[in-house]
Amino acid sequence: MEFSAIQLAMTLAIAAIAIVLWARLRRSRRETQHLEQRLESAAGKLQNLQLAFSRFAPDEIIERVIASGMGGIGEKKEATVLFADLVGFTALSEQIEPTVLVGVLNGYFDRMSEAISQHRGYISTFIGDGILALFGALSPNPWQGNDAVHAALAMREALAAYNLELAEQNIPELSVGIGLNRGTGVAGLVGSRELKEFAFVGGTVNVAARIQDLTRQHDANIIVTAALKASLDPRFQLRPLAESRVKGVAEPLSIFAVDGFAEIDGAAG
């Protein structure tokens, strides 16, 4: 009888332990499921945040912001700057309905952006109907000059194809002027506390913009500076233009029109 009482007590104790372990396991499973849900939600929010940031900064910069915050993202870099602007677009905008105009402009930006990204370029910003693109500003790129000029030629080709589409809709064709320059500047996140964007700051950008203005004075829609020409593949077909003075530069600049690229061996630099 005494032995049976001991057995009963042990059985009850084991049952009690089993109930406690089962309760803890069940709670642990609920906590694990809750944790998994929170992690999944956080991952989704992080992905949405990265997508939102990607409109203002490239992936490389976004990863640095997530890892170390907004501060201290600025470096001196050598980069090639491409500045493109539609010629006569203000007058054209007065001839087209606003909704049609927006569609035309978006179609233009889509095609130009694709040409730039295909040649390792990054669009820093759209300025009205203008485009400011950077090559080599994110990471060292010894071929940045070639990439930039190939992008400019691809933009010219893409615009010609786009103009055929516009002609079918009885919309006047678009014309673009592109200026390119190479030099040093500071690359980083700039702006206010409310809005920042990745930018390349310095005289190199200003010269590219001034060179773009010169396309209206010369028989050329792509112009490069001597600073950029020095690093280019010799297969680019360049045409010397008259030296020109630009605002902010003391000495006249040697500039060259880009007429094309000679595919001698089928390889592009």
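Visitor: In which helix is asparagine 206 found?
Guide: This is a predicted model, and the places given here are read from it. The helix in question covers residues 203-214. Asparagine 206 is found in helix α6.

Visitor: Is asparagine 206 buried, partly exposed or exposed?
Guide: Buried means under 20% relative accessible area and exposed means over 50%, with partly exposed in between. Asparagine 206 has a relative accessible area of 49%. It therefore counts as partly exposed.

Visitor: What share of the contacts with a separation of 6 or more comes from residues 24 or more positions apart?
Guide: The contacts considered are those in the protein chain with a separation of 6 or more. Residues 24 or more positions apart account for 68%.

Visitor: How far apart are the end C-alpha atoms of helix α4?
Guide: Helix α4 runs over residues 98-117, which is 20 residues. The expected span is 1.5 Å times one less than the number of residues. For α4 that should give 28 Å, and the distance in the model agrees. The end C-alpha atoms are apart by 28 Å.

Visitor: What covers the buried residues of α4?
Guide: The buried residues of α4 include Leu101, Val104, Tyr108, Phe109 and Ile116. Helices and strands both take part in covering the buried residues of α4. The cover includes β1 (74-86), α3 (89-93), β2 (122-127), β3 (130-135), α5 and β4.

Visitor: What distance does α5 reach from its first C-alpha to its last?
Guide: Helix α5 has 25 residues. At 1.5 Å a residue, the expected value is 36 Å, and the model comes close to that. From first C-alpha to last, α5 reaches 36 Å.

Visitor: Which side chain does aspartate 147 join in a polar contact of 2.9 Å?
Guide: Aspartate 147 lies in helix α5. At 3% relative accessibility, aspartate 147 counts as buried. Its side chain is joined by the polar contact to that of asparagine 141.

Visitor: Which backbone nitrogen does the side chain of asparagine 146 reach?
Guide: Asparagine 146 is also found in helix α5, and at 8% relative accessibility it counts as buried. Its C-alpha is 9.6 Å from that of phenylalanine 135, a residue 11 places away in sequence. The side chain of asparagine 146 reaches, at 2.9 Å, the backbone nitrogen of aspartate 233.

Visitor: Which residues does asparagine 163 touch, not counting residues up to four places away in sequence?
Guide: Asparagine 163 has its place in helix α5. With a relative accessible area of 11%, asparagine 163 is buried. The residues touched are Glu173 and Leu174.

Visitor: What is the volume of the largest pocket?
Guide: Rolling a probe the size of a water molecule over the atoms shows where empty space is left. For the largest pocket, the volume is about 200 Å³.

Visitor: Which residues that line the largest pocket are the closest to its centre?
Guide: The lining of the largest pocket has 14 residues. By class, six are nonpolar, six are polar and two are charged. The closest to the centre are Leu159, Leu174, Ser175, Val176 and Asn221.

Visitor: Which element gives the most to the lining of the largest pocket?
Guide: Both α5 (144-168) and β4 (176-191) supply at least two residues of the lining. The element that gives the most supplies four residues. That element is α5.

Terms used: Residues numbered from 1 in each chain as written. Predicted model: local features only at pLDDT ≥ 70, side-chain atom pairs only at ≥ 80, totals over all residues. Heavy atoms only, no water. 1 Å grid on protein atoms, 1.4 Å probe; cavity = no way out; pocket = protein on both sides within 12 Å on 5 of 7 lines; lining within 4 Å. Points joined across faces, edges and corners; volume = space filled by probe spheres on them. Nonpolar A, V, L, I, M, F, W, Y, C, P; charged D, E, K, R; others polar. Buried < 20%, exposed > 50% of the residue type's maximum accessible area, 1.4 Å probe, protein only. Polar contact = N/O pair within 3.5 Å; in protein donor to acceptor, adjacent residues only side chain to side chain. Contact = heavy atoms within 4.5 Å.
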